[in-house]
Amino acid sequence: MRIKTISRSVDEFTRERSQDLQRVFHNFDPSLRPMEKAVEYQRALTAAKLEKIFARPFVGAMDGHRDGISCMAKNPNYLKGIFSASMDGDIRLWDIATRRTVCQFPGHQGAVRGLTVSTDGNVLVSCGIDSTVRLWNVPRPSLEDSDLSSEKSAEPSAVYVCKNALLAVDHQFEGELFATSGAQIDIWNHNRSQPVHSFKPGNDSVISVRFNPGEPDILAVSSNDRRMIIYDIRMSSAAREIRMQTKTNSIAWNPMEPMNFTGANEDGNCYSFDGRKNEEAKCVHKDHVSAVMDIDFSPTGREFVTGSYDRSVRIFPYNGGHSREIYHTKRMQRVFCVKYSSDATYVISGSDDTNLRLWKAKASEQLGVILPREQKKHEYNEAVKNRYKHLPEIKRIVRHRHLPKPIYKAIAESRAVNNAKKRKDDRRKASSAPGTIVTKPLRTRRIINEREVE
Amino acid sequence: MGGLKRKSSSSAKSVAKSKKKKKGPHLPNSILKVIADQKRPLNSDEEEEEDEIDSDDEHGGDLYEYEEGVPEEESRKNNRYDRHDNYDYELPDDFEDENVESEDDDFDGGNSENDDDDDDDRHTRMLQSLTGMPSAAFQGESKSKPVLFTEAYPEGEFNPTRDVLEGKNVLTEEDFLAPLEGKPGYHKTSKQIARMRKDTKHVVHAPLPKPQRERLERKAVIGLVDGEFSKWVHLVKKNREAPTVYFNQEVDLGYSTVGAIASEFQPRTEFEKKMASLLNDSEVSEAHRDDGARLLELNEVSMEDHIKKRDHIAKIRNLLFRHEAKSKRIKKIKSKTYHRLKNKDLKKSSLGALMDPEMAKEEAMRQEAKRVEERLTLKHRNTGKWAKRMVRLGLNAKYDATRAAIAEQLQMNANLSRKMHSMGDGSSSDESDDEEGLNDGSDEDTPSRLIAKAKEKTLKTMEDDEVPNAGLMSLPFMARAMKKKNEEANEEAKRALEEYEEWENSGGENSKKPVSVSGRRVFGATAKVEAPKESKKDSDNFYDNSDSDNDMAGVEDNDMEDVRDNASPARNTGTITETEFDDAAGNQASKTTFDVAMFASGSWKKMTSCKNTESKKESKKTRAPISQSQDKKGSRDEESEDSESEAEEMVDGVLASASKETFEIPSQAELINRAFAGDDVLDEFEKDKEEVLNQEVPKPEKPVLLPGWGDWSNVQRKRGISKRMVMEHEAEEKERKQKLKTRKDARLKHVIISEKVDKRAEKLHTTTLPFPHTSKEAFEHSMRMPIGPEFNPSTVVSELNRPEVVKKTGVIIKPVKFEEVNPNDEVDDEHPRNHQKQRSKKKTGKRQGKVKSK
């Protein structure tokens, strides 16, 4: 006689605590589960829908400025602190957690155009159209500050005067130097009242300057004459320059890929470049319908956030042609500056309506402490959604975004224009001898580099 | 000409200037004059020349001066304009200019001689101080050459003399040296010059033009910056290709290896401290480091220790002696009862079992029996009358003893029903039982006995010829085939019996051929005698001719993937889908698939397999098995359809070779015919196809009138169905025919190709190949395995679901730090939470915040 038994040892099945989960045994034989694909598809669909339901990206607004926000700077050493400056010369330090002003830095006459913080987070550098560079000591964060609502105000530790108005400033990563730009690019040391070095890229003013976080001696600037130029501050002349059809409003280096940078262009697109090639962009990121005013990379290097004159904030993947997210509110005006928080979890935007806005980088992310099981569930949902993202239904749900009417209309219009142009080109091409009309790829279309005479 | 032009332009400028002046508030001429005069002396030298050339120009007639007329209001014509006071400063009419310029000229002219002399003096003095030679050397030169100035312009770098341009009359060092010849110091100077000429290294070339210089500079900078960027390429590539990038490692949990922990060990308890003091004793370590001679000295044992040790040994000896004495005494006891009881006690105790191997075996057997009994009866599971009563009355809560007893029972149950790991390697008890049985047989039975046993079995099987009355085997054609086969098997068995009798008669002499005594072989050699056996459950393997082949191919039967052939693809949806069935799943008795194992080109080839449904109706459908090549042992296999476990052991390579000569091999077709005798497969297939076609392209309904409608009167009845309806029906029929014609399987007689689109299945497919995938196969492969926790073991689920970027809220992510990456290295499988690796890397100078790949 044959007896089939299931024998399980008590030790394996005894729970240590009553809260522990019961062990469940599965037979992973795929033939026993013929519907697994359908099941996972359904889960992906649900996950996609849930993501939509839980998408609440707006965390809060920080108001206090009396004029449009012109620039921001994040403290690389302290997650909660963010500096913002407005067009009336007011600089504020905000506590992101409580969304209150911690400290004010009065002194600038006229708009502040550039803000930056040293890597150790101790020195704030600001510059503005009053042709001064001001260095401030950043107050140490303490528990009392966050509790009390009293706003302190600080005195500049140094004021350096220049000849021309300054439009941007950036601090070297883990170094002593910072660069200001205006009529020319000046490299400053904290302790010197005169620039240690300066470049004059052309006759037009330089509107943005960014140091490379990976290679601290390399910086990229963009100027009003539609050029982007890479400098090595140890050298006397420029390395590479890229001239485009429209000017670049802001530049951001990829913090994880030091050779790559992205420029926020006036034509509403962002162009990612390899610093070693100026003939073509590596990627063109399209979606904004108006000039892109500012750009900042996520510290993970996989995404960047842009703020645009079309009153929206978008998040792009570093290698994707279209944005994965758009943020907008009814009251948000032209966005002049955006920042990605140092832990890649939040996005902060400053706009013309005198407010700073705090957004989640992932709209449906659950904040707060997440239990391991929750975490696993989230991961699974994400993975399953990612796996079936190509399927029509899921794709549709994941891509769907409600847009403000002006943007929606502008998109439709630009699409119509583009289609018409394409149609015309196609016809022209068809009716002319083959090879006579060459369509330039999008990546090189708007670059006008003079060929270097060898 | 250049000079000329410039002149003209300057004159034009002056004209323009004057014009400009005139355009403004109209100044009186006198003031203009003053202004002009004041300007003059600044460039008085050139003025003369300019005048000259101006005159030239006038001759040439290129330029002419335009005199602006006096504005009307100032001309006071007809007094048309109001008189107005002129508030400008007006010089009196009789005012005369001071001709400053002319005075200057005069002064210059007057003192020119003096000046020249002074200049020469100063020049010689300077030369003297520079060269260190006496002034006499320069005297003659200065005066010797008269100044002849014929150029319109003073010569300079932009205006070289004609001589220079033509390349003659260029000054060389010799020209300068010639007048010095014979003077003191000449020799030295000429030598120096000669040396300088030879020395080509330190020649400083003229600088390149600026644009060229800048271009070169930029090129150099570009090269440098590009180089700096390029060094990151490998690191960036590694990070990009990594399936997951980690940014969440801030916590360092410390050492993880034993060695690392041991190295930081601090003795805390007294014992540890004592040990440590001994281990770290400087004397001992020193002695070790030396030749070791001093170790002996250190090894000295104190008297007390010695005594202690001696006492201990004495005690042990004493005990041993006592034990010996005791056993001797016991041995002397002659009572058998006493010994029996004692042995029993010993056996009962597990200690005894451990000591004697034979006893252990017996013990194991007994345990096993107990276990089986326990599992059968479930005696100790509190299901007994007593236990139930105790529980019902709540006595177990009341009395400790009762509770203990119940607990004991449960414990016993747990012990008995637990899987015994010590009993062999068989996974289930019955298997091990079987094996034991076999082993026993092989140990005890001589070949003759074995054969006798086999004979018995054979006879038995010949007798019980029962036809299964359920399942697949009950189907008529199966029954027929079975019957046929049984007959054959019986015949063979009879033959075997005859052989056996012969063998017996010959006194077992024939069995001289080596028959090994162990296990399978024995059975293999004799199995042909008892081969024909049947079992209901084994219907799937009925036509499975693969047993011996498996052995030949070295594939185990269980592992082998059966190949199912579906001659009727028109099942269920009719789509030709490839669904793999595992062997285990396919062997279910309820399933109705016939396995036709294919043996094409020596390797098993997967063919399409079809899904089964368990319904009876479906099971009636038959498939014509196609087999490409039949292995030679068809008949052998037919009869050797084996009963579950035994048969596996019985069929063997030996057996196969032994039986080869005895039977002729029927052809594949014959076999199939035999198996499916009386089956009209083709007909059934056609029916199937029609059914499918009807489903997919439904037949139009025949026009009928609803009962009670249209048959009120005879007239209506006569008229019958309206013409329109008939026409419609005909059109529909036509359409259907058209549709059938255009089907893919319209001309393929033996194939059904479904053209039904399953909308639900559509959802699960993309219309185009998604971007990163390059081929359909790759994409499908990536989608094949599910990733959920239900379908995967928990150990891999987290791996499968891990996001591309792992970060933690609140952890600041620093920019990338440079580290050398070997591009040829594979992506290491190291987990970021492996702290040892992390540490080792930190030591090599990597900073935190770096990106690691998994």
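The following legends describe close-up views of a predicted model.

**View 1. The hairpin of strands β2 and β3 in chain A.** Strand β2 (residues 69-74) and strand β3 (residues 81-86) of chain A run antiparallel and are joined by five bridges. Six residues lie between the two strands of this hairpin. A:K74 has A:I82 in β3(A) as its bridge partner. Strand β2(A) is largely enclosed by the rest of the structure, because five of its six residues are buried.

**View 2. The salt bridge between A:R234 and A:D217.** The closest N and O atoms of this pair are 3.3 Å apart. A:R234 lies in the loop between β17 (227-232) and β18 (238-243) of chain A, and A:D217 in the loop between β15 (206-211) and β16 (218-223), so the pair ties together parts that are 17 residues apart in sequence. A:R234 is partly exposed, its relative accessible area being 46%.

**View 3. A network of salt bridges in chain A, formed by A:E51, A:K362, A:E382 and A:K385.** A:E382 is partly exposed at 31% relative accessibility, whereas A:K385 is buried at 8%.

**View 4. A negative surface patch in chain B.** The patch is formed by B:D680, B:D683, B:E684, B:E686, B:E690 and B:E691. Of these residues, B:E684 is placed in helix α34 (residues 681-696) of chain B and counts as partly exposed, with 32% relative accessibility.

Conventions:
Residues are numbered from 1 along each chain as its sequence is written. Chains are lettered from A and ligands numbered from 1 in the order in which they are written. This is a predicted model: local features need pLDDT of at least 70, side-chain atom pairs count only at pLDDT 80 or more; totals for chains, interfaces and linings use all residues. Side-chain values use heavy atoms; hydrogens and water are left out. Patches are made of residues with over 30% relative accessible area and no salt bridge: like charges are joined within 9 Å, nonpolar side chains (Val, Leu, Ile, Met, Phe, Trp, Tyr) within 5 Å. Accessible areas come from the Shrake-Rupley method with a 1.4 Å probe; for residues, only the protein chains shown count as cover. A salt bridge is a side-chain nitrogen of Lys or Arg within 4 Å of a carboxyl oxygen of Asp or Glu. Lys and Arg count as positive and Asp and Glu as negative; His and the chain ends are not counted. The place of a charge is taken as NZ of Lys, CZ of Arg, CG of Asp or CD of Glu. Helices (H or I, at least four residues) and strands (E, at least two) are DSSP runs, numbered from the N terminus. Buried means under 20% relative accessible area, exposed over 50%, partly exposed in between (1.4 Å probe, protein chains only). Two strands pair if DSSP finds at least two bridges between them.
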